[in-house]
Amino acid sequence: MKVIDLHCDTLWKIDKEFLDGKNADLLKNDFAIDFEKMAVGNIGLQCFALFTIPQDQKPFETANRMIDYLERDVQRVDNVKIIKSYSDIEKNFDDGVMSAMVTMEDGFMLEGSFDNLDTLYNRGLRMICLNHNVKNGIGNPNYGKYVDGRPDWVTRNVKTGLTEFGFELVKRMNQKGIIVDLSHMSDAGFYDVIKTSTKPIVASHSNACGINNGLRNLTDDMMKKLADNGGVMGICFASGFLDKDKEVGKNTIECAIKHVDYVKNLIGVDYLAFGSDFDGVPNDIEINSCDKFPKLIEALSLHGYKDSEIEKICYKNALRVFKANLK
Ligand SMILES: [Zn+2]
């Protein structure tokens with residue numbers, strides 16, 4: 001069974017090594033994702049996020065450097081290719097080649113410039129998570145109340161959503177064929193985008209509040225709106241988003257399946273996908289690298305999920321959203 005993974009931060013890990021004067025690549029490494037482990041996990045398409053810290057003074061330069069790593073490494077193998085269109089994805093699936101999609105985790109890497117958006121689009125950028133954990137000129141994060149400069153981790157941000165630039169960016173992304181990703185966006189911004197976007201959206205790595213009422217997870221109402229929009233949400237393996245109990249052995253595959261069950265019962269199986277967040281979160285979880293996806297698939301089957309449902313969750317739902325957005 002092929003798998004599409006909507007989010008990872010492996011390029012960020014590679015870049016940290018580079019900045020430390022070390023060499024790391026995507027062919028084989030000690031991180032959760034490399035090309036060898038992707039082959040074992042039967043990954044059909046891996047989203048590789050461009051990501052950097054908010055203190056980075058040259059985030060656009062960092063974004064380009066991260067695409068350089070990906071381009072460098074796919075040139076050294078014949079079983080991974082960067083996709084730029086939906087037909088590229090179809091061809092790779094047919095040829096048994098794994099696809100790499102360039103995504104971005106924080107729109108601030110565009111540095112507020114539509115020229116930069118065009119440049120990165122030409123290099124393969126096809127999905128943007130509009131913001132990360134701090135306000136960025138595009139939108140506002142999930143956190144609704146700060147105490148001594150830190151989120152109180154309880155109050156959802158239902159007040160501040162997209163900026164004017166953010167609304168314009170969503171329109172341009174729809175026109176160009178770049179998918180809007182709303183993980184990390186405030187509730188208010190989520191609803192702003194749902195009203196604005198003419199294309200299906202993704203929440204690339206967000207789970208269900210009904211199982212774990214964390215700020216990064218989606219409320220029932222948000223999930224219903226996501227279904228109305230025809231979008232897809234990637235069940236994420238980060239322990240803090242799965243179960244509040246961070247003890248290893250509790251943040252298990254079973255726990256991920258609880259979220260899958262919940263979303264399926266609420267909005268149906270057509271809006272589910274996976275967004276691992278590998279290499280962006282601590283590794284103290286049962287599914288801690290991409291070669292372990294077959295274990296998750298086996299567990300879904302043991303839970304009574306039909307092959308047709310597992311196919312949808314593993315890749316078909318994500319493909320539907322890619323097809324509706326990409327040129
Ligand atoms: Zn994230």
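## Basis of the report

Buried is used here for a residue under 20% relative accessible area, exposed for one over 50%, and partly exposed for one in between, with a 1.4 Å probe and protein chains only. The model is predicted, so local features need pLDDT of at least 70 and side-chain atom pairs count only at pLDDT 80 or more, while totals for chains, interfaces and linings use all residues. Residues are numbered from 1 along each chain as its sequence is written, and side-chain values use heavy atoms, with hydrogens and water left out.

## Salt bridges around Asp25 and Arg76

The whole structure holds 16 salt bridges, each being a side-chain nitrogen of Lys or Arg within 4 Å of a carboxyl oxygen of Asp or Glu. One of them pairs Arg76 with Asp25, with 3.8 Å between the closest N and O atoms. This pair links distant parts of the chain, 51 residues apart: Arg76 is in the loop between α3 (59-74) and β3 (80-82), and Asp25 is in the loop between α1 (10-19) and α2 (35-40). Helices (H or I, at least four residues) and strands (E, at least two) are DSSP runs numbered from the N terminus.

Arg76 counts as partly exposed because its relative accessibility is 49%, whereas Asp25, at 18%, counts as buried.

Lys176 forms a salt bridge with Asp118, the closest N and O atoms lying 2.8 Å apart. Lys176 belongs to helix α6 (residues 164-176) and Asp118 to helix α5 (residues 114-122), so this pair ties together parts that are 58 residues apart in sequence. Asp118 has 32% relative accessibility and therefore counts as partly exposed.

Asp187 and Arg156 form another salt bridge, with 2.8 Å between the closest N and O atoms. Because Asp187 lies in helix α7 (residues 187-196) and Arg156 in the loop between β7 (150-151) and α6, the pair ties together parts that are 31 residues apart in sequence. Both Asp187 and Arg156 are buried.

## The largest pocket

The largest pocket has a volume of about 650 Å³, a volume being the space filled by probe spheres set on grid points that are joined across faces, edges and corners. On a 1 Å grid over the protein atoms alone, a pocket is an open set of points where a 1.4 Å probe fits, with protein on both sides within 12 Å along at least five of seven lines, and lining residues have an atom within 4 Å of a point.

The largest pocket is lined by 27 residues, of which Tyr143, Trp153, Arg216, Gly240 and Phe241 are the closest to its centre. Helix α9 (residues 239-242) gives the most to this lining, with three residues.
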